[in-house]
Amino acid sequence: MSYQLTIEPLGETIEVEEGQRVLDACLRAGIWLPYACHHGLCGTCKVQVLDGELEHTADASSFALMDIERSEGKCLACASVLLSDCVIEADIDPEPDAENHAVRDFTARVSRIEVLTPTIKAIFLEAPGGLAFQAGQYLNVDVPGFGDARAFSLASNPRHCHELELNVRHVAGGIATTYLCEQLRVGDAVRCSGPFGRFFIRHSAPEPLLFLAGGSGLSSPKSMILELLERGDERAVMLVYGARCRSELYYAELFETLAAHHAHFTYVPVLSEPATDDAWTGEIGWVHEVAARLFNGRFDGHKAYLCGPPAMIEACVRTLMQGRLFERDIYMEKFLTAADAAQGLARSPLFRRL
Amino acid sequence: MAQPKLSLKEKYQLMTRGLDWETTYQPMDKVFPYDKYEGIKIKNWDKWEDPFRLTMEAYWKYQAEKERKLYAILDSFSQNNGQLNLSDARYMTAIKLWLQGITPLEYYAHRGFAHVGRQFRGAGARVACQMQALDELRHAQTQMHAFSHYNKHFGGFHQANHLRDRAWYLSIPKSFFEDAMGAGPFEFVTSISFAFEYVLTNLLFMPFVSGAAYNGDIATTTFGFSAQSDESRHMTLGIEVVKFVLEQHEDNVPIMQRYIDKWFWRGYRLLALVGTMMDYMLPRKVMSWAEAWGIYWEENGFALFNDLSRYGIRMPKYHEVATKEKMHITHQAWSVFYTACPATGFHTWLPQPYEMDWLSDKYGETFDRFYRPRFELFGQMEKAGNRFFTNRLPLVCQTCQVPDFFTEVDNPMKQSVRHYQWKGMKFNFCSDGCKDIFVNEPEKFCQAYIPPQQIYQGNAGGARTLPEYAAWLRCPMGSEAGDYYSSDDYQNWLKWHGGKDTTPSTAAA
């Protein structure tokens, strides 16, 4: 038995399991609510119940949530469970640019598979009736014999959504990526759900856009840039993309062609370890270093979109922040493998999204 | 399409807009004379995000209900003679020290926040500080009320204000806050809201409130709960202040780094008193100082500074010294309190056998090699009827005002003393951290009112000896000061328990 929970002012609706705490359900669904102690003592996660019934767990402190607040329909998200479908209002910023596409479960058919690099394949899926999504969002793909669904960012232009593109890097020994890269054939059926995620372009913000991407994290920037250029956006857009060597650099021709046709789009490929026979004359180093050099170490007045492995993201966030661009102007979707999560440093409440 | 809902932030902005108008009768710099001289550059106060958007009406409602609950519990505690259920009367020393040393700080915090709540030209920061000023006044008041019941039954509680003005050891917390209040508004909020209430707050509150719960002190435990929901607002203010200032201008980064270095070290030195309470004054132990430091600083603090490093802020200077010292400082402090208790407003004692074992367990060889022998020697002297008391005033650090009982980080057999010559005067410090703070602001710290010097100069009612000084403190041995086992508190405790000594035999609650 599960309930529907709608979170205002986002207007997002998520599933909450019976007995699951509201805060946990929101955080698991990718909806960030302010919180601190996580066990009913501090009151940081207080939300207003607009509709429906919920119940507090025993650890909800009567000091953190006063009787008058209870009678006004306030609740502590970290110490409450749903008794019916509910609508809550949380203290979070609405996103005017979010399209909030409904999540669908569907079976797609593999229409094409292309080799992008020795380790990355593009898998094209045909979804019956297409799929409405926002550039930057991801799909959950069921992998037979693999417990949890795996998330892959959509690389295709959302304006052409009958064919969905996923870029999958084969992780040696990884069950899911081995299945997708080695076993999957054209014509196979794939169970998917989506779109998910809140990584999308803030079209309403006037600032020029800087995309910093690395490894197989090119999917979202590709989708976003294709859409941006197609809708005739005139703002300056730069993509700095890092790969190890020439053979791992993919979609270079696509972005070179786009840059040639759009004066306001700049493409900067960066190799960290070019092979001797790469005859590489472009940038060498790490994405964050090249970006710092191109921007003279100053990034204020931009919007930055980051996509790539955690170490790259962290290096880029540091470079951007020391170049005076802060949390409110930096957007990202983190790609976390189980190993990344296990190694992750404990985080402080200093940052909400980064 | 339906009109999208306003977020709570937007609603609050609409309600409070216009509170920070540009003045016209007088220039803004004259209306807000203090928020520029520190060199902190604010380009846009609108980027301040109110961490807690609270209206005055809601604030009164919440706090009134909290106080009703707190006072109901305090009443029932006192009507049921709750003091009889304490683990042991030795526990009272922790609460005496709190009332004498920390409660006045709550009041200082009230004054400090009321001051900066007027001085920032950004309305968001002003309102947050004004709300906190009210919280702090309530905390001072409710602490006094929570402890007032003990004044009927134990010594050491009836003259906390008098002691705050006169007692040498209380210049440690007092000088900490006077330093903060004497600083610019940005340094004040960095020191109190960030360094103290955010970085170090768990080290203060956790042992205090848990310690109270472990030792049967329901009154103080309930006060702790009623304050904790305010503390989350204060901590969030601390985070917002630091983020806001760091993001406003790159020139602010080195200034904030200096504030963080300074106030980490000052806060850490102040917490030596709290660590000593955890390890020595709580008959039932919660956790050791070394364990608390490991969790709340080495884990949580490191995570915070890893995040802060994105702004170009590094770990506070001398944090590695603090971590190395965690095995030593509480034993050193208790040795001083044990021997200096005739000139204080509380009682001290030697750790009981179960406590010696607990300390050995928590501090291993460090305790067994350096401190157990000292306490055992003190024990032999007690048995021989010759309890050791210090009869001289200690050398006190010019910055933190803690008696210099600290030792060199890598040599616990050598006292750590630093000196600095400034304008023909020699100043003494307990550590490089405290010396650096002086060197950065000599004009401020050369004025510090150092108790031993002042006593010897005749500024303690003319007292020249420790007994004369104790008389000026109005702390006679037995009722107020001296050894616990010769105290009125202990005699009364035995009487109330039919002559039975209730000293626990184990550290566990």
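The structure is a predicted model, in which local features need pLDDT of at least 70 and side-chain atom pairs count only at pLDDT 80 or more, while totals for chains, interfaces and linings use all residues. Residues are numbered from 1 along each chain as its sequence is written, and chains are lettered from A in the order in which they are written.

**Two packed helices**
- Helix 10 (residues 218–248) and helix 11 (residues 252–281) of chain B pack at an angle of about 145°, with their axes 8 Å apart; helices are DSSP runs of H or I with at least four residues, numbered from the N terminus, and axes are lines fitted to C-alpha atoms over the stretch in contact, with angles from 0 to 180 degrees between N-to-C directions.
- B:Val242, B:Val245, B:Leu246 and B:Gln248 of helix 10 meet B:Asn252, B:Val253 and B:Met256 of helix 11, where contact means C-beta atoms, placed from the backbone, within 7 Å.

**A mostly covered helix**
- In helix 7 (residues 171–181) of chain B, 8 of the 11 residues are buried, that is, each has 20 or more other C-beta atoms within 10 Å of its own, these atoms being placed from the backbone.
- Among the buried residues are B:Phe176, B:Phe177 and B:Asp179, and the cover over the buried residues of helix 7 includes helix 4 (92–119) and helix 11 of chain B.

**The side facing chain A**
- In total, 29 residues of chain B are in contact with 31 residues of chain A.
- Helix 10 of chain B gives the most to this side, with 8 residues.

Key:
Two residues are in contact if their C-beta atoms, placed from the backbone, lie within 7 Å. A residue is buried if 20 or more other C-beta atoms lie within 10 Å of its own, exposed if 12 or fewer, and partly exposed in between; C-beta atoms are placed from the backbone.
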